[in-house]
Amino acid sequence: MARSSRRGSTSKGQPWRFSLFVALGVLISVALLASLAVFVSHSDDLSHSDSAEHLRERLRHVLARQSDPSPQGSAAKASFEQRSTVADASHTAEVVTPRDGVQESGPAGGAAEAAAAAAVSTADARSAEAPPPPAVTPAQAQAPVQADAQTQESGAKKIIWKKHVGKSCQNYADNDDTQRSLEDSKVKCLGKDSCVAIECPHGYEHDCTLRAIANLVDFAPADCYELLEVSAEGKILTTKVHPEYNKLLKQYPFQQVTTQTGNQVNIILVRSQVNDYQYKLYQKYKDDILFLGISSMNDYPLHQEGEQFDYLGMFPGFLHMMREPEKHFPPHVKTLLMSQSDFSLPHVPPRDYSVPKKYDFTYSASDCDVAIDGRGWCGWSKNWSFVKEALVVMCGEYDLRGVLVATKDKAGKKAYTIPPSCKGKMIQTTYLAKQSDYFDYLKQSRFAFLPQIHDASPRVSTQALAHDVPILMNYHILGGWKYVNEKTGEFFHDMSDFRQSLSKILKNSEIPGAYEPRKWVMENYDNQNSGKRLLDFVLKHFSDRVK
């Protein structure tokens with residue numbers, strides 16, 4: 001939706017004028033009361049990611065106002081956002097999929113408005129299964145504007161600031177966390193395409209901030225002013241998602257889709273198998289929300305023994321990882337070769353060949369079955385049994401040094417067993433909660449080792465390439481095979497050709513220009529390229545479903 005028509009359409013309101021001492025006293029009093037109110041009202045909700053985010057944000061605002069009595073304060077610039085927005089890109093996308101105990105170091109479109117791209121981000125909130133909420137029709141999203149809405153004229157259109165009391169709207173618009181008066185915020189918001197709402201402390205019209213998502217999270221200490229464009233006939237023109245959209249995101253398989261500026265689109269990606277309750281939710285809302293499948297979890301959507309649902313034919317479209325999708329998906333399913341590892345790559349400088357590498361390779365495991373030495377789901381999904389065979393060769397015959405990430409339990413007391421020839425040559429780590437710690441190991445390695453088969457979207461593969469580190473990958477992997485070519489690394493099929501591929505990648509990794517992983521992956525993937533492909537796919541096949 002074009003936004004230029006409403007820029008500069010209001011006049012700036014008159015600022016409050018207090019004496020310096022009175023203002024300071026009032027501000028400190030309000031700050032102390034606000035901080036107390038936040039702790040009291042949210043003492044039971046700190047485990048919820050949204051509540052924690054708002055608590056941190058309000059406390060930061062309180063402290064900033066206490067330390068600086070100026071009218072605007074001195075808000076800190078540290079980001080407390082759970083989801084990042086890629087700005088200044090006409091075609092972008094973002095994927096975030098954290099998994100407990102899995103060392104996949106993830107960072108988080110549609111035909112919505114006039115956005116030139118799509119972005120995919122994940123809400124990590126998970127809720128216990130509860131009875132389905134009462135039915136809500138899409139028409140409720142276009143309810144008449146309430147009496148407390150504030151209206152501004154903008155040519156043939158009207159700008160409505162609909163006030164939602166006790167609601168929070170999330171994500172700073174363009175990471176702008178500057179506190180302003182409500183009137184100043186309206187002026188700034190109208191001039192910023194990424195801004196769709198304003199959040200102010202409950203009952204006040206100062207300390208307001210610009211917001212990128214009007215998802216109206218329950219939060220008593222805040223009021224959200226949602227920006228709506230209304231035609232001369234009174235019809236709301238602003239694109240909105242289904243009223244139950246954000247409730248659905250509390251279910252793990254359901255992943256939101258946003259534009260590159262953070263605005264939600266009425267599309268949900270289904271990234272894993274669903275249970276009975278989640279399947280009922282899908283059936284209930286599939287005509288009102290566009291559900292698409294996306295490769296993320298192990299062999300999904302391929303049928304597994306004991307599964308009751310046919311995921312290959314369930315959704316009208318699927319973002320897949322298969323070499324030959326036509327052999328698996330029925331004709332009515334529109335497909336696109338795309339997975340979560342295509343998005344949100346780290347942007348780092350190219351390799352400096354004058355700096356020697358500290359390690360020969362890095363391997364990323366999962367720690368959920370360290371107690372049974374990888375003989376459970378985690379070991380199976382990361383092919384630990386093959387790794388132990390390969391380590392005999394890598395340590396005993398090639399005398400390599402490596403890092404085995406997430407092969408210790410979280411307490412750091414027990415680890416996967418490794419061959420005797422690897423003693424003193426391998427660093428075994430716990431799960432690395434800080435992504436930068438994993439990247440530090442990765443960028444100091446000559447190559448990344450990916451031996452797994454049952455992995456639909458190995459984010460460590462594109463993260464390695466983005467760090468200018470080539471990859472040694474199992475040819476039989478379900479997803480990620482598309483990243484390997486003469487410029488990015490080598491395949492192996494099994495132990496019969498493992499030594500040959502290992503020797504080749506060790507040799508070429510030290511020759512400048514032999515591999516160009518960073519250059520290749522940035523030219524073909526990341527948010528700008530992948531986002532455009534996703535948008536084009538939606539426009540081609542589902543433009544009638546997403547306005």
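The model is predicted, so local features need pLDDT of at least 70 and side-chain atom pairs count only at pLDDT 80 or more, while totals for chains, interfaces and linings use all residues. Residues are numbered from 1 along each chain as its sequence is written, and side-chain values use heavy atoms, with hydrogens and water left out.

Helices (H or I, at least four residues) and strands (E, at least two) are DSSP runs, numbered from the N terminus.

- Strand 11 (residues 359–364) and strand 12 (residues 402–405) run parallel and are joined by 4 bridges.
- Across that pair, Ser-364 of strand 11 stands opposite Val-405 in strand 12.
- Strand 14 and strand 15 also pair in the parallel sense, over 3 bridges, with Leu-450 opposite Met-473 in strand 15.
- Strand 15 is covered on both faces: Ile-471 and Met-473 on one side, and Leu-472 and Asn-474 on the other, are all buried (buried means under 20% relative accessible area, exposed over 50%, partly exposed in between, with a 1.4 Å probe and protein chains only).

**Helices on the sheet**

**Helix 9 against helix 10**

- Helix 9 (residues 435–443) and helix 10 (residues 459–466) pack at about 60°, with axes 10 Å apart.
- That angle makes helix 9 oblique to helix 10 (under 35 degrees counts as roughly parallel, over 145 as roughly antiparallel, 65 to 115 as roughly perpendicular and the rest as oblique).
- Gln-435, Tyr-438, Phe-439 and Leu-442 of helix 9 make the contact with Val-460, Gln-463 and Ala-464 of helix 10 (contact means heavy atoms within 4.5 Å).
- These contact residues split into 5 nonpolar, 2 polar and no charged (Ala, Val, Leu, Ile, Met, Phe, Trp, Tyr, Cys and Pro count as nonpolar, Asp, Glu, Lys and Arg as charged, and the others, Gly among them, as polar).

**Helix 12 against helix 13**

- The axes of helix 12 and helix 13 (residues 526–542) come within 6 Å and cross at roughly 35°.
- Helix 12 brings Val-521, Met-522, Glu-523 and Asn-524 to the contact, and helix 13 brings Asp-526, Asn-529 and Arg-533.
- Here the contact residues divide into 2 nonpolar, 2 polar and 3 charged.

- Val-274 is in the loop between strand 7 (264–270) and helix 5 (276–285), and counts as buried at 12% relative accessibility.
- Leaving aside neighbours within four places in sequence, Val-274 contacts Pro-253, Phe-254, Tyr-279, Phe-309 and Tyr-311.
- Val-274 and Tyr-311 are 37 residues apart in sequence, with 9.4 Å between their C-alpha atoms.
- Ile-511 is in the loop between helix 11 (495–508) and helix 12 (517–524), and counts as partly exposed at 37% relative accessibility.
- The C-alpha atoms of Ile-511 and Tyr-353 are separated by 8.5 Å, though the two residues are 158 apart along the chain.

- Most residues other than glycine have a negative phi, and most peptide bonds are trans.
- Asp-174 has a positive phi of about 55°; it is found in the loop between strand 3 (157–172) and helix 3 (182–190) and is partly exposed, with a relative accessible area of 39%.
- Asp-373 also has a positive phi, near 55°; it is in the loop between strand 11 and helix 7 (377–381) and is buried, with a relative accessible area of 16%.
- Tyr-300 and Pro-301 are joined by a cis peptide bond, with omega about 15°, and Pro-301 lies in the loop between strand 8 (290–294) and helix 6 (311–314).

Conventions
Axes are lines fitted to C-alpha atoms, for helices over the stretch in contact, and angles run from 0 to 180 degrees between N-to-C directions. Two strands pair if DSSP finds at least two bridges between them.
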